[in-house]
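We will go from stop to stop together.

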Amino acid sequence: MRARTGNPTRMIRVRVPGRTARYPVRVERGLLARAGLLLRAMGTHRTAVLVTDATVGRLYGALVASALSRGGYRVRVYNVPDGERAKSFPVFRRLCEAWARDGITRDAVVVALGGGVVSDLAGFAAASFYRGLDWAVLPTTLLAQADAAIGGKVAIDLETGKNLVGAYHHPLAVFADPDALATLPARAYRAGFAEIVKMGVVARPSILDAVARLARRGGLGDPSSAAPLVLAAAAEKANLVGKDERDQGVRRHLNFGHTVGHALETAYGYRRFLHGEAVSVGMVAALRLSVLEAGLDPVDAVEVETLLRSVGLPTSVREVPDRPFWDALGRDKKRGRAKLRVVLCPAIGKAKVFEMSSLTTLRRVVRSLTS
Ligand SMILES: NC(=O)c1ccc[n+]([C@@H]2O[C@H](COP(=O)([O-])OP(=O)(O)OC[C@H]3O[C@@H](n4cnc5c(N)ncnc54)[C@H](O)[C@@H]3O)[C@@H](O)[C@H]2O)c1
Ligand SMILES: [Zn+2]
């Protein structure tokens, strides 16, 4: 099918190691309204199980439900609560119970419509229910379009830590519609830049230049201008997933900033920070640690911090709740047997996994986040 004039189809393909098929990530305006027909071309499922949160459901639920009907699906809609706390066992269980009550079986395709919370939760439910239903993602936040919807990692949180229960379950397709970003609250929009900057720091420095240009031009307020950044970040994510699906090598680099970021989110009971905000502060910690432990040029570290501030992301916190933070860090699943694993950046565009034998430097760096 030809793209409409002025709206070129942008297609990335994610290669899953060991599988011949690649799945598409499309970034294109108007995709939400065409999701049903596009998805129909990918399978013969009879039922579409549309999972969305309260806010996104209100905004786009009807549009996507009728698009799915036009694709010939019998549509069932399931609303989950907004926000990180929906990535929990109680919500997961309620969702699966509802599917079971409604007689959802393997002829269904799960369609996740929303941000990273919805795609992680619905993707994990799709991975588990009937030992695996097909699914597709319609990401509606900048963060999910640029990162979370791609790569097949799906999970829910425990009180003791983020993403501790999950699976690898790739979607049939990712359809990212930049038009959906227009309704995103400013805070959620800004949070998306954290993962985009992360991709620039660990793998593709040109992304940092593009974010800086956008900030200088005052384009941050216009979500449609983020589409090229979504594409660049999504392409880089697809590239890393294609090289290392299961987090054994380069995909781990995407955890840059997440050791401290996840511990902050957990320590505050998933209420205080959006994920991107916590990752932003976590990246500042990782950059400072990289200067001390991996030879990163301090000027580069400061430049990235300045860039994060220029897109409105936090680079410090008023306080770190000492006990819950260090407890969460200790339980972080990236912890090796005896040593804490962190991702460091020896130079912009490069990353390496580092095992910390002592926490002394990290404690110093974490203290510096509150000053
Ligand atoms: N699986 C992965 O590879 C991966 C990667 C990165 C992040 N994540 C996960 O993603 C989650 C964060 O995702 P997020 O930042 O998208 O948060 P989110 O899903 O909570 O969305 C943020 C808020 O924006 C609202 N919203 C979403 N789309 C909207 C729209 N178009 N218009 C108006 N409001 C809208 C939502 O209702 C929500 O309140 C975290 O749980 C994180 O762990 C997963
Ligand atoms: Zn993240």
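This is a predicted model: local features need pLDDT of at least 70, side-chain atom pairs count only at pLDDT 80 or more; totals for chains, interfaces and linings use all residues.

Residues are numbered from 1 along each chain as its sequence is written, chains are lettered from A and ligands numbered from 1 in the order in which they are written, and side-chain values use heavy atoms, with hydrogens and water left out.

**Stop 1: helix 2**

Select residues 54-70, which form helix 2. Helices (H or I, at least four residues) and strands (E, at least two) are DSSP runs, numbered from the N terminus. Helix 2 has 17 residues and reaches 23 Å from its first C-alpha to its last, close to the 24 Å expected at 1.5 Å a residue; the expected span is 1.5 Å times one less than the number of residues.

Now center on Tyr-60, where helix 2 has a kink of about 60°. The bend at a residue is the angle between axes fitted to the seven residues ending there and the seven starting there.

Which residues of helix 2 are buried? Color Val-56, Gly-57, Tyr-60, Gly-61, Val-64, Ala-65, Ala-67 and Leu-68 to see them. Buried means under 20% relative accessible area, exposed over 50%, and partly exposed in between (1.4 Å probe, protein chains only). These buried residues pack against helix 1 (31-40), strand 3 (47-53), strand 4 (74-80), strand 5 (108-114) and strand 6, with contact meaning heavy atoms within 4.5 Å.

Ala-62, also in helix 2, is exposed, at 61% relative accessibility.

Next, visit the ends. At the N-terminal end, Asp-53 caps helix 2, with a side-chain oxygen 3.2 Å from the backbone nitrogen of Thr-55. Helix 2 is followed by Gly-72, whose phi is positive, near 90°.

**Stop 2: ligand 1**

Keep Asp-53 selected and show ligand 1: Asp-53 is among the closest of the 27 residues that surround it, together with Glu-84, Thr-141, Lys-153 and Lys-162. A residue counts here if one of its heavy atoms lies within 4 Å.

Then look for polar contacts (pairs of N or O atoms within 3.5 Å; within protein, one must be able to donate a hydrogen and the other to accept it, and residues adjacent in sequence count only if both atoms are side-chain atoms):

- Lys-153: a backbone N or O atom lies 2.7 Å from a nitrogen atom of ligand 1.
- Ala-180: a polar backbone atom is 2.9 Å from a nitrogen atom of ligand 1.
- Lys-237: a polar side-chain atom lies 3.2 Å from an oxygen atom of ligand 1.

**Stop 3: the zinc ion**

Which residues coordinate the zinc ion (ligand 2)? Select Glu-195 (OE), His-258 (NE2) and His-275 (NE2), at 1.9 to 2.1 Å. Donors are N, O and S atoms within 2.8 Å of the metal (3.2 Å for Na, K and Ca); water is not among the atoms, so sites may look incomplete. Glu-195 lies in helix 6 (residues 186-202) and His-258 in helix 9 (residues 258-267), so this pair ties together parts 63 residues apart in sequence. Glu-195 is buried at 3% relative accessibility, and His-258 is buried at 5%.

**Stop 4: two positive phi values**

Finish with Arg-131, a residue other than glycine whose phi is positive, near 60°. Find Arg-131 in the loop between helix 4 (116-128) and strand 6 (134-139); at 78% relative accessibility, Arg-131 is exposed. Asn-163, not a glycine either, has a positive phi of about 55°. Asn-163 sits in strand 8 (residues 161-168) and is buried, with a relative accessible area of 19%.
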